[in-house]
Amino acid sequence: MRCLSRGLGAIVEAGKYTCATVEYTGLVSYGALKFGGRVVAHSFRIVTAPVARGMAIPFVGIKKVTLKVFGRKNYFDEKFESVEEKLARIAERLASIENRGIVVRGTAVPTKVPRRIDLGRQALLRQIVEANKSLIDG
Amino acid sequence: MAARVLNVGIDLGTSRTVIACDNGERSYIPSYVGFPKDAVSRKLFGKDMIFGEEALKHRMALNLYKPLEKGVIVHSDEPEKEAEQYKKSLYVARELLKHVIYLVAGAKSQDTIVRGVIGAPALATRQNKKALLEISKGILDCVLIASEPFTVAYGLNMLSNALIIDIGAGTVDLCRMHGTIPSDEDQITTFKAGDYIDKVFLDLVTKKYREANLTVNMIRKFKEENAFVSERGERVCIILPVDGKPTNLDVTDELRAACRSIVPEIVEAIRKIVASFDPEFQDGLKENVILAGGGSQIAGLKKEIEAHMEKTLGYGKVRKVEEPLYAGANGALLLCKDMPDEYWDELKNHSPAAKAAS
């Protein structure tokens, strides 16, 4: 009986050792794998990062150009608006010049057009005349 | 037969004299008159007086005169002090005026009446204006003197809620428009203008390139083509003789600094003129700041003034006139055309000559 129990004990012990060995081997393998993986990943990163960055440059450029074209839409709108404003002002001035009978170079004598000056402007012109009269007097 | 009436608007400037006529002709010349130095040069030119660009071109063979300084006829502030020189200035200015009228109207015939409006700096004195009246005698049949920035505003039809800044060679004239004739309180004249830029630029370039040979005329020409105040932009180089050899010299920083030298006074004048206006109408004024005159062509000046206005006044919108060179003369011409005949007659009958005749 005693022999039997010793045998069993040895088997149990052996089993335990086996388990511990397997467990240890597993841990060692895991550690080795993890370390190896890290080393590989690091090296991979070192190699691929500049390549990836290099590959991305044209796309970044495209993005910048696209932003310039579409993102600054307001800039063009503003430019168009200011050109439109300028044209409107020029048209307005041309009309006012024509109304006063000022002719374009090369055409005939200046035309005499009936003056249509509102009262406010007449008063303004009167003030200028008075200022000049006082200048002559002074 | 009824007399033919010609109307002209004249901007007698320190640097250029500009004229616009209602027959469609308009012109400008540098405000220089040259007289041949001796019999040889007189023979060479075949005339006793040379004007504008031609005078500048042949200045070595001429006695060159510039009848206007700081926007007014030289010595017209105190004519008694330098009587002889004042007389000479009047004579030269008169010949200049005669010449520009000839350029647009041709030789004056008996049946032609020439009426003109002449622009004067915003704060020109009574003496300065009288000198303008004096030189126009016998050349213009009827004449009116008006403030230069006012004529610009009149030409643009911006007689209300606008601030006109006329940057010339001798003066920078600021004038706020509020629907009436601007008074002295509505106007500011500063003397840091185009000529001041030339002086600063010349000093800076001479300091940097001591060995270079240059004159104020060379500097002025270069400035007129390249003036800028902005930080960004291409480098600008001037070709100047160094020991007789044309050399390319970088003057970017010097030109920028010179152009910027007039900005502080302009923005300070804007601040004063806006701050002293009725608070209810200040926004309208800030919204309508108009740059005219040759100096308005300085690249980046509009933005620079807007930035300063934002800092000091909270907001500001500046725009440039379409024709900076002709803005004053065009406005003066429109004013001339709008003036009713009876007003002209009234003015003519008011002259001392008419009074003496009656």
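I began with the terms: helices (H or I, at least four residues) and strands (E, at least two) are DSSP runs, numbered from the N terminus.

**Before looking**

I noted that this is a predicted model, where local features need pLDDT of at least 70 and side-chain atom pairs count only at pLDDT 80 or more, while totals for chains, interfaces and linings use all residues. Residues are numbered from 1 along each chain as its sequence is written, and chains are lettered from A and ligands numbered from 1 in the order in which they are written.

**Entry 1: the two chains**

I counted the elements of chain B and found 14 helices and 17 strands. The radius of gyration of chain B (taken over C-alpha atoms) is 21 Å, close to the 21 Å from the globule rule for 358 residues, so chain B is as compact as a globular protein of that length. That rule is 2.2 Å times the number of residues to the power 0.38. I also looked up the extent of the C-alpha trace of chain B, which is about 65 × 65 × 40 Å along its principal axes.

Next I turned to chain A, which has 3 helices and 0 strands. Its pattern along the sequence is α-α-α.

How much of each chain is buried? I call a residue buried if 20 or more other C-beta atoms lie within 10 Å of its own, exposed if 12 or fewer, and partly exposed in between, with C-beta atoms placed from the backbone. In chain B, 45% of the 358 residues are buried. In chain A, 4% of the 138 residues are.

**Entry 2: where the chains touch**

I used this rule for contact: two residues are in contact if their C-beta atoms, placed from the backbone, lie within 7 Å. By that rule, 26 residues of chain B are in contact with 27 residues of chain A. On the chain B side, α4 (126–136), β10 (142–147), α12 (327–338) and α13 (341–350) each supply at least two residues. I sorted the chain B side by type and got 11 nonpolar, 5 polar and 10 charged residues. Here Ala, Val, Leu, Ile, Met, Phe, Trp, Tyr, Cys and Pro count as nonpolar, Asp, Glu, Lys and Arg as charged, and the others, Gly among them, as polar.

**Entry 3: domains of chain B**

I checked the domain assignment of chain B, which gives domain 1 (4–153 + 326–357) and domain 2 (194–260). Such bounds come from an automatic or database domain assignment. The centres of domain 1 and domain 2 of chain B, taken over C-alpha atoms, are 32 Å apart. I also looked at contacts in chain B between residues at least 6 apart in sequence: 69% of them join residues at least 24 apart.

**Entry 4: a sheet of five strands**

In what order do the strands of the open sheet in chain B stand? I read β3-β2-β1-β9-β10, with mixed pairing. Two strands pair if DSSP finds at least two bridges between them. β3 (26–30) and β10 of chain B are at the edges with a single partner strand each, so one side of each has no neighbour in the sheet. Neighbouring strands of this sheet are turned by 20 degrees against each other on average, direction ignored.

I then followed the pairs one by one.

- β1 (residues 4–12) and β2 (residues 16–21) of chain B pair in the antiparallel sense over 5 bridges, and a hairpin of 3 residues joins them.
- B:Gly9 has B:Ala20 as its bridge partner in β2(B) and B:Val117 as its bridge partner in β9(B).
- β1(B) and β9(B) pair in the parallel sense over 8 bridges, with B:Val5 opposite B:Ile113.
- β9(B) and β10(B) also pair in the parallel sense, over 6 bridges, with B:Gly119 opposite B:Ala146.

Is β1(B) enclosed or open? I found that 7 of the 9 residues of β1(B) are buried, so β1(B) is largely enclosed by the rest of the structure. β9(B) is mostly covered, with 7 of its 9 residues buried.

Helix α3 (residues 83–105) of chain B lies across β1, β2, β3 and β9 (112–120) of chain B, running at about 40 degrees to β2(B). For such angles, axes are lines fitted to C-alpha atoms, for helices over the stretch in contact, and angles run from 0 to 180 degrees between N-to-C directions.

**Entry 5: one residue, B:Leu163**

I picked B:Leu163, which lies in strand β11 (residues 160–167) of chain B. B:Leu163 counts as buried because it has 27 C-beta neighbours inside 10 Å. Leaving out residues up to four places away in sequence, the residues that B:Leu163 touches include B:Leu174, B:Arg176, B:Ile270 and B:Leu285. B:Leu163 and B:Arg176 are 13 residues apart in sequence, and their C-alpha atoms are 4.4 Å apart in space.
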